[in-house]
Amino acid sequence: EGAIILAYHSVASDCDKKWIDPSNHTPIDIFEKQMMFLARKRNVISLDSLIVYINEKKTIPRGTVIITFDDGYLDNLTNAAPVLKKYNLPATVYLTTGYIERQENQWVDQLYSCFNERTKSRLVLPEINDDEMGLSDPASTWHAYSRVVKHLIECSHEQRTVMLDSIKKQLVPACTPPKLTMNWDDVRNLVSNNRNVELGSHTSEHIDISRIDKNVFMSEMRVSTEAIERETGKKAVHFS
């Protein structure tokens, strides 16, 4: 009983997935199989429809599912949207508007790219510990990467930028990642060509709202929602 809300992130191609943290990525073929299943076997509705059920105290049909995407990956437009349209499925895309304004890849993918494409294996981050982090084998590398992710989740955008710059200088990645985040033209293209896709707010700087005071949180919400309405003409009703 009730509704299940699915939280997707990236639906990247084989050539782009190497730049994206694996926990944020669903392969295209798997995504399409899942959408085909949902279209045939489940009651897929929009978030707006779910709220109507809740506000009117109606029983939510068994097998109800809502599809969402966090962050604003470019592949939501290029890969996910055509599949959603093919099966006539509604979805909500939550935007981290600061990253879209700057056309900047998500911080976790910047970090993953540095680790994945590194040409050096020496990493010292005093913010985490004073010892050198071992990157000599896959297990130790993943352990170090996970520690850095855990630390950066709790940081501001400015703190992340400083640490990511330090990591990039130390690991010297061999390649520069492609564009992975939508810009505003991409967002407008997404909503204008996909009537079943609505936009929501995912803050401006993708910060951990459980660790900030109310004023900073309200600012994140205001900046994000105002940017969405200014750039698309659509109000963001939902927040993730």
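**Note on helix packing, cores and selected residues**

1. Helices α6 and α7 run roughly antiparallel to each other. This is a predicted model. The angle between α6 (residues 138-153) and α7 (residues 157-171) is about 155°, and their axes lie 10 Å apart. An angle over 145 degrees counts as roughly antiparallel, so the pair α6 and α7 falls in that class. The crossing of these two helices is right-handed.

2. On the α6 side, the contact with α7 is formed by Val148, His151, Leu152 and Ile153. On the α7 side, Arg160, Met163, Leu164 and Ile167 take part. Sorted by class, the residues where α6 meets α7 are six nonpolar, one polar and one charged.

3. Helix α6 also packs against α5 (residues 107-116), at an angle of about 155° and with the axes 11 Å apart. By the cut-off of 145 degrees, α5 and α6 are therefore roughly antiparallel to each other. The crossing of α5 and α6 is right-handed.

4. From α5, the contact with α6 draws on Trp107, Val108, Leu111, Tyr112 and Phe115. From α6, the residues are Thr141, Trp142, Ala144, Tyr145, Val148, Val149, Leu152 and Ile153. The class count for the contact of α5 with α6 is 12 nonpolar, one polar and no charged.

5. Helix α5 is mostly covered, with eight of its 10 residues buried. These are Trp107, Val108, Asp109, Leu111, Tyr112, Ser113, Cys114 and Phe115. What do the buried residues of α5 pack against? Their partners are α4 (97-102), β5 (122-124), α6 and α7.

6. The largest nonpolar core holds 31 residues, and Phe31, Met35, Ile67, Phe69, Leu84 and Leu95 have the most contacts inside it. Two or more residues of this core come from each of α1 (28-41), β3 (64-71), α3 (75-86), β4 (91-95), α8, β7 and α9 (214-232). The element that gives the most is α3, with five residues. Another core, of 21 residues, lies apart from this one; Tyr145, Val148, Val149 and Leu171 are among its members. In soluble globular proteins, nonpolar side chains tend to be buried together.

7. Met35, one of the residues with the most contacts inside the largest core, has contacts with Tyr8, Ile67, Val83, Leu84, Tyr87 and Leu89, leaving aside neighbours within four places in sequence. Ile67 and Leu84 are themselves listed with Met35 among the residues that have the most contacts in that core.

8. Asn194 sits in the loop between α8 (184-192) and β7 (197-201). Is Asn194 buried or exposed? Its relative accessibility is 9%, and the cut-off for buried is under 20%, so Asn194 counts as buried. Apart from residues up to four places away in sequence, Asn194 touches Ala81, Lys85 and Asn189. The C-alpha atoms of Asn194 and Ala91 are 9.7 Å apart, while the two residues are 103 residues apart along the chain.

9. Glu101 belongs to helix α4. Because its relative accessibility is 38%, Glu101 counts as partly exposed. When residues up to four places away in sequence are not counted, Glu101 touches Trp184, Ala227 and Arg230. A separation of 9.9 Å is found between the C-alpha atoms of Glu101 and Thr181, which are 80 residues apart along the chain.

10. Two backbone angles deserve a check. Most residues other than glycine have a negative phi. Lys57, not a glycine, has a positive phi of about 55°. Lys57 is placed in the loop between α2 (47-55) and β3, and it counts as exposed because its relative accessibility is 74%.

11. Asp71 is likewise not a glycine, and its phi is positive at about 95°. Asp71 is in strand β3. With a relative accessibility of 2%, Asp71 counts as buried. Thus a positive phi occurs at Lys57, which is exposed, and at Asp71, which is buried.

Definitions and conventions:
Residues are numbered from 1 along each chain as its sequence is written. This is a predicted model: local features need pLDDT of at least 70, side-chain atom pairs count only at pLDDT 80 or more; totals for chains, interfaces and linings use all residues. Side-chain values use heavy atoms; hydrogens and water are left out. Axes are lines fitted to C-alpha atoms, for helices over the stretch in contact, and angles run from 0 to 180 degrees between N-to-C directions. Helices (H or I, at least four residues) and strands (E, at least two) are DSSP runs, numbered from the N terminus. Angles under 35 degrees count as roughly parallel, over 145 as roughly antiparallel, 65 to 115 as roughly perpendicular and the rest as oblique. A crossing is left-handed if the near helix is turned anticlockwise from the far one by less than a right angle, and right-handed if clockwise. Contact means heavy atoms within 4.5 Å. Ala, Val, Leu, Ile, Met, Phe, Trp, Tyr, Cys and Pro count as nonpolar, Asp, Glu, Lys and Arg as charged, and the others, Gly among them, as polar. Buried means under 20% relative accessible area, exposed over 50%, partly exposed in between (1.4 Å probe, protein chains only). A nonpolar core is a set of buried Ala, Val, Leu, Ile, Met, Phe, Trp, Tyr and Cys residues joined through side-chain atoms within 4.5 Å.
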